[in-house]
Amino acid sequence: MKKLINAPDDLVDEALEGMALAHAELLRVNAAPRFVTRAEAKGKGKVALLSGGGSGHEPLHAGFVGRGMLDAACPGAVFTSPTPDQIFEATRAVDGDAGVLHIIKNYTGDVMNFEMAAELAREAGIPVEGVLVNDDVAVEDSLYTAGRRGVGTTVLVEKICGGAAEAGRPLEEVAALGRRVNARGRSMGVALSACTVPHAGKPSFELGADEMEVGIGIHGEPGRRRAKLEPADRVAEILMQPILDDLPFEPGDDVLLFVNGMGGTPLLELYVVYRKARAIAQGRGLKVARSLVGSYITSLEMAGASATLLKLDDEMLRWWDAPVHTPALRWGT
Amino acid sequence: MDALSGAHIAAWIERAADVMEREKALLTELDAAIGDSDHGVNMARGFTAVRSRLGGLDHGDVGALLKGVGMILLSTVGGASGPLYGTLFRDAGQRAAGAAALDLAALAGCLEAGLDGVKRRGKASPGDKTMVDALSPAVDALKAALSAPAPTGGPARSPLMDGLARAAEAAQAGALATVPLIARKGRASYLGERSAGHQDPGATSCSLLLRSLAATAGV
């Protein structure tokens, strides 16, 4: 394992210390329990957005704390969900008397820990709503699985709900918006190499030089199937086909196309994938109204990419375009 | 030994912390095959935290002690194992509230309450390839020991020790029996059929925990 770490046990805390120093104007880091909040005073009467999950997905989630997006992020250990006390304390810290929206990716640990934290928060008199993101088409929805995983659409839920919350929309409305974004977003990912969880010290799966894992999540777990590595255009087809088949996208629909790097793939390659993914979407008569290309929800140093397609409506478009000022995403004023 | 006191429970936790630390690599390896490689680290971190904070817990009331252990696990393990093991100890402690010691019947009742909590929290049933596959047969073994004591002729031991020995064996057999299963809960379920052929890490850690309890009682 070749990584720039001091000791695996100190990794997350030291990274957060560095983040607090680098973005002192945007963030505050609370050490015990561990959570990140905006530096500016909490907004009275503003719905607070809280997201969380394992570390190792940077810039998700702490990198999206700031104006127009999240109020708090709860990082767990690497690929491990945060604990209920972390989530509860962060919820209490950012509640501005308008309630708190929890944005949760559909992984068993995250769901259970957020569930317990929400119980604690409601007992303390804080209104809490949750949006569960489960957009991954690689996992077939059936009686036999815990449902689809939450992946790329999480970033879009956080940005769009963040815009609405910043504009003073009430909790139920922001939550409903988040659920709508999730219902209309679909993702699919592929890995060209595995990542190494620092505590484990070796790659989480072995992949031959000419192989790829199709249908991966974001936790270094193996995907749905292994296949021979193909050129970028063909990989883009493999990613886009199941997405387009899953949601009833119709010709003329406005969509947001998000091509995400898994951590170890350069932007140079992501743009090649984006180019083909866009052509495929347009071939279906879709209008790519907004785009995002870059590494925003990652799996440590895993090489690979995911594609996310969101069917937009006017409200989503409006809040997507609203100003955002966070360490990892910034536009508008 | 006829009953588990607070001191015994504390000794169990000490032993479990050692075992989780020692078997960290095994659990991580099992988890790497079908999960995300963090189970060993998480369990070791949680039980080490409980061990270091044992002194601050009430050892006179087994129920309070178990609940205290559950709270610490909940806040230190993370992942799915945190709420699941946290719930196991908290719900078991709830059932044992006020007891100074647990005999076989009380232990069976209390672990059954913990099992119910785990099933509720994880929405899992036997056969889903989870810790329930180790815990559920262990609870059955304790109850069986209660109604049908070990035949004479075996090693001389108390009903409690007999029950713990049978529970540890049942848990281990249950963990081994998860190998061919296709996971229906937890992260391994995302792999579908690819999850078959690997032993479930959660069932394995649960088996280690029950083995530690039996060993603490001298079995």
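The model is predicted, with local features needing pLDDT of at least 70, side-chain atom pairs pLDDT 80 or more, and totals for chains, interfaces and linings using all residues. Residues are numbered from 1 along each chain as its sequence is written, chains are lettered from A and ligands numbered from 1 in written order, and side-chain values use heavy atoms, without hydrogens and water.

Of the 333 residues of chain A, 58% count as buried (under 20% relative accessible area; exposed is over 50%, partly exposed in between; 1.4 Å probe, protein chains only).

Then I took the extent. The C-alpha trace of chain A spans about 50 × 50 × 45 Å along its principal axes.

Chain A carries 35 positive and 45 negative side chains (Lys and Arg positive, Asp and Glu negative; His and chain ends not counted). The centres of the two sets lie 4 Å apart, with each charge placed at NZ of Lys, CZ of Arg, CG of Asp or CD of Glu.

Last, I turned to B:His39. B:His39 counts as buried because its relative accessibility is 6%. I found its side chain in a polar contact with the side chain of B:Ser81, at 3.1 Å (N or O atoms within 3.5 Å; within protein, one must be able to donate a hydrogen and the other to accept it, and residues adjacent in sequence count only if both atoms are side-chain atoms).
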